Amino acid sequence: MHHATVPDLILEPMVRAALTEDLGNCGDITTRTVIPADVTYAARLNAREDAVVSGMQVAALAFRLVDPTLEINPLVADGDRCTKGQTLMEITGSAASILSGERVALNFAGRLAGVATLTAGLVAQTAGTKARITCTRKTTPGLRIVEKLAVLHGGGFNHRHSLSDAILIKDNHIAAAGGVRAVLEAVKARASHMMKVEIEVDRLDQLAEVLETGGADVVLLDNMTPDMLAEAVAMVGGRLVTEASGNVTVDTVAEIAATGVDYISSGALTHSYRTVDLGLDF
């Protein structure tokens, strides 16, 4: 697994927004009403099931933003595997502060562990092939940075983060531009030398046109059968990076990987994961 992090500075606005949403106009009224300010506690963030951990960095940041005096002791790193009942983090300090940050910390950590765990499941199915599992832009609005990070924690790879990272010509671009050749010629004339170019095809005759025209670095083979994918990989012959997408599930991914494609992209990693059950125990 991959122990990727990004600077807290980048994550902070997202976590701050989530805390503001949860704390409302005047903070945690329950806690303020029922817990004396001087009560301290040692709380444990525990896994209720086996999973791949993600969101520990975010959870720690949530607790620290609520109360910088809380002592955070992470016992696992993002990207580690955990087992049911395992303690992932200890948080010591003001009981009121811990309770005020709890839900936001768990909301992030449970969801991100879900992304990482689903990713790891797909990665496991590609063992023995060169295929890498990668995500898409089908992320929860506002949470792309951390969901993409969770894909890395699960052993996957990141696709582009935004529309400004790379040129990805899809079927609608091809239709609007007047065909495969026209769209690739336009890219050759205008694209920066630093910008990678990927083009989507769903037929082998389109792929032939892409190879003949040139100007692409990556070809996205969309919704092709395994037989078509294998034929496409043979046609490309290593000249382009190949990426398969469409109907990628834990049941189909091994067969797709066996075709020899370089990457397999799945929107499900960031839109159809199941939240991992985590709990904070006092």
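These are my notebook entries on a predicted model of one chain.

**Ground rules.** Residues are numbered from 1 along each chain as its sequence is written, and side-chain values use heavy atoms, leaving out hydrogens and water. In this predicted model, local features need pLDDT of at least 70 and side-chain atom pairs count only at pLDDT 80 or more, while totals for chains, interfaces and linings use all residues.

**Entry 1: the whole chain.** I began with the secondary structure and found 11 helices and 12 strands. Both are DSSP runs numbered from the N terminus: helices are H or I with at least four residues, strands are E with at least two. The C-alpha trace spans about 75 × 40 × 25 Å along its principal axes. Of the 282 residues, 46% count as buried. Buried means under 20% relative accessible area, exposed over 50%, partly exposed in between (1.4 Å probe, protein chains only). I then looked up contacts (heavy atoms within 4.5 Å). Among those between residues at least 6 apart in sequence, 72% join residues at least 24 apart.

**Entry 2: the open sheet.** I traced six strands in the order E6-E11-E10-E9-E8-E7, with parallel pairing. Strands E6 (132–134) and E7 (167–169) stand at the edges with a single partner each, so one side of each lacks a neighbour in the sheet. From one strand to the next, the twist averages 25°. Two strands pair if DSSP finds at least two bridges between them. E8 (residues 197–201) and E9 (residues 218–222) run parallel and are joined by four bridges. Glu200 stands opposite Leu220 in E9.

**Entry 3: helix H8.** H8 (residues 204–213) packs on the sheet and touches E8 and E9; its direction makes about 155° with that of E8. For such angles, axes are lines fitted to C-alpha atoms, for helices over the stretch in contact, and values run from 0 to 180 degrees between N-to-C directions. Which residues of H8 are buried? They are Leu204, Gln206, Leu207, Val210, Leu211 and Thr213. These pack against helix H7 (180–190), E8, E9 and helix H9 (226–236). Just after H8, Gly214 takes a positive phi of about 75°.

**Entry 4: two asparagines.** Asn223 is not a glycine, yet has a positive phi of about 50°. Its place is the loop between E9 and H9, where Asn223 is exposed at 53% relative accessible area. Asn247, also not a glycine, has a positive phi of about 55°. I found Asn247 in the loop between strand E10 (241–245) and helix H10 (253–257). Asn247 is exposed too, at 57%.

**Entry 5: salt bridges.** I found eight salt bridges in the structure. Each is a side-chain nitrogen of Lys or Arg within 4 Å of a carboxyl oxygen of Asp or Glu. One of them joins Arg64 and Asp8, with the closest N and O atoms 2.7 Å apart. Arg64 lies in helix H3 (residues 56–66) and Asp8 in helix H1, so this pair ties together parts 56 residues apart in sequence. Arg64 is partly exposed at 32% relative accessibility, and Asp8 is partly exposed at 27%. Lys130 and Asp262 meet in another, at 3.1 Å from N to O. Lys130 sits in the loop between helix H4 (95–125) and E6, Asp262 in the loop between H10 and strand E11 (263–265), 132 residues apart. Lys130 is exposed at 55%, whereas Asp262 is buried at 19%. Arg203 pairs with Asp205, the closest N and O atoms being 2.9 Å apart.
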